[in-house]
Every structure is written in C-alpha cells, then in structure tokens.
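Welcome! Please take a moment to look over the sequence and the 3D structure, and then let us walk through them together.

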Amino acid sequence: MSNHVYKTLELTGSSTTGIEDAVNTAIAKAHETVRNMQWFEVVETRGHIQDGKVVHWQVTIKIGFTLE
C-alpha cells in the first residue's frame, strides 16, 4: 500500500428529498471537477421547517481526495 496525501474540500449539498440525497448532490457536483475523491465525512446537518414539517435539507460534508 502506498502512502497518500489527502486534501479536503468542504461542501454543502441541499435537497427537498432527504439527507442522503443532499450528500449525493454535493458529491455528484464535486465529481464534475475534482479527481481522485476517496472519502467523505458529514460535518453538519440542517433543515428548513415550514408549517411544522421539514421541507428542505442541507448537509455539509468534507470530501477527501488524493493529490497527484
């Protein structure tokens, strides 16, 4: 196993569907421009409430990727 150096990127994904969809949205967008993504960590979860119901999710994640 070779040694790796990782850089982290912090992103916030959002969704009206749920937490997992918000994470997937952030990762999919990052995948358009960031190479070698290896892991993610959920840092914060927030939601918007309207009329006593959750109507929107925001999830902040850190994505780790290897440097070339």
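The paragraphs below go from the sheet to the helix, then to the core and to one residue.

A few words on reading come first. This is a predicted model, in which local features need pLDDT of at least 70 and side-chain atom pairs count only at pLDDT 80 or more, while totals for chains, interfaces and linings use all residues. Residues are numbered from 1 along each chain as its sequence is written, and side-chain values use heavy atoms, with hydrogens and water left out.

Strands (E, at least two residues) and helices (H or I, at least four) are DSSP runs, numbered from the N terminus, and two strands pair if DSSP finds at least two bridges between them.

Now follow the chain from strand 2 (residues 37-50) to strand 3: the two run antiparallel and are joined by 12 bridges. Together they form a hairpin with 2 residues between them, and D51 in the turn has a positive phi of about 55 degrees.

Contact means heavy atoms within 4.5 Å.

Which residues make up the largest nonpolar core? They are A22, V23, A26, A30, V59, I61 and I63, 7 residues in all. A nonpolar core is a set of buried Ala, Val, Leu, Ile, Met, Phe, Trp, Tyr and Cys residues joined through side-chain atoms within 4.5 Å. Helix 1 (19-31) and strand 3 are the elements that give two or more residues to this core, and helix 1 provides the largest share, 4 residues.

Finally, visit T66, which lies in strand 3 (residues 53-66). Is T66 buried or exposed? T66 counts as buried because its relative accessibility is 11%; buried means under 20% relative accessible area, exposed over 50%, and partly exposed in between (1.4 Å probe, protein chains only). Not counting residues up to four places away in sequence, T66 touches H4, V5, Y6, R35, N36 and Q38.
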